Amino acid sequence: MEDSYLDKGRRKQLVAYLEEKIGIKDELVLSAMNAVPRHFFLESIFSQFAYEDRAFPIASGQTISHPSTVAEQSELLCAQKGEKILEIGTGCGYQTAVLIHMGLKVYTIERQKELYNFSKKILSIMNLSPEFQFFGDGFLGLPAYAPFDKILVTCGASILPVELLKQLKVGGIMVIPLGKGNEQILYRFTKKSDTEIEKEDFGLYSFVPMLGNTQM
């Protein structure tokens, strides 16, 4: 795989767009978006469009999110280097790579075996190592590794997964799209105490659905 000067130039233009048009300010996010070659995660027929703000189909009927969505979700985490984050929905591994480049300790779960295998391979080729990469049901989280500083859900859940909230430390943040149908509302939940959760609404988005169990 090659990351050409043309690719790097397109990526720089994308980052300028994210900062100037979308309003992304978090330097960790902008730096990570500039560092990760998005075209590595796409089929070759899409590679010339990799740095446009578009979603593309990937394996198992899933999609790679718009770069703006990846940046916005990452910024909403308010993450600090070294924090421990649980990612639900590894997908092709692009968001995972961004989180790793942000200096986070990433624990990630994927339910689709084809995507799990692809993301594991591509991240290895890029010398990027999550703390733990798991094939399993995202609704269950990873209780053995809890609590987490942050939790990022990259698919739309019809209901709030209570089990994931249990695995979030007090003071921690979970970013998750919630809603039924083709559109969801993106929320940020901050765990103020074991019994108090603050909820913030960041508008309508469209994510693939969050499903339980695993798919071989």
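## Start of the chain

Ser 4 sits in the segment before helix 1 (5-22). Helices here are DSSP runs of H or I with at least four residues, strands are runs of E with at least two, and both are numbered from the N terminus. This is a predicted model: local features need pLDDT of at least 70, side-chain atom pairs count only at pLDDT 80 or more, and totals for chains, interfaces and linings use all residues. Residues are numbered from 1 along each chain as its sequence is written, and side-chain values use heavy atoms, with hydrogens and water left out.

Ser 4 counts as buried because its relative accessibility is 19%. Buried means under 20% relative accessible area, exposed over 50%, and partly exposed in between (1.4 Å probe, protein chains only). The Ser 4 side chain makes a polar contact with the side chain of Asp 7, at 2.9 Å. Such a contact is a pair of N or O atoms within 3.5 Å; within protein, one must be able to donate a hydrogen and the other to accept it, and residues adjacent in sequence count only if both atoms are side-chain atoms.

## Aromatic pairs

The whole structure holds nine aromatic pairs. Rings of Phe, Tyr and Trp (its six-membered ring) pair if their centres lie within 6.5 Å; planes under 30 degrees apart count as stacked, over 60 as edge-to-face and the rest as tilted. Tyr 107 and Tyr 145 form a tilted pair, 5.3 Å centre to centre with 45° between the planes. Tyr 107 is in strand 4 (residues 105-110) and Tyr 145 in the loop between strand 5 (132-135) and strand 6 (148-153), so the pair ties together parts 38 residues apart in sequence. Tyr 107 is buried at 11% relative accessibility. Tyr 145 is partly exposed at 32%.

Tyr 107 also pairs with Phe 148: the centres are 5.6 Å apart and the planes at 70°, so this pair is edge-to-face. It joins strand 4 to strand 6, tying together parts 41 residues apart in sequence. Phe 148 is buried, with a relative accessible area of 0%. Ring pairs link Tyr 107, Phe 132, Phe 134, Tyr 145 and Phe 148 into a cluster.

## Helix crossing

The axes of helix 2 (residues 27-35) and helix 4 (residues 94-101) come within 8 Å and cross at roughly 125°. Axes are lines fitted to C-alpha atoms, for helices over the stretch in contact, and angles run from 0 to 180 degrees between N-to-C directions. Helix 2 and helix 4 are therefore oblique to each other. Angles under 35 degrees count as roughly parallel, over 145 as roughly antiparallel, 65 to 115 as roughly perpendicular and the rest as oblique.
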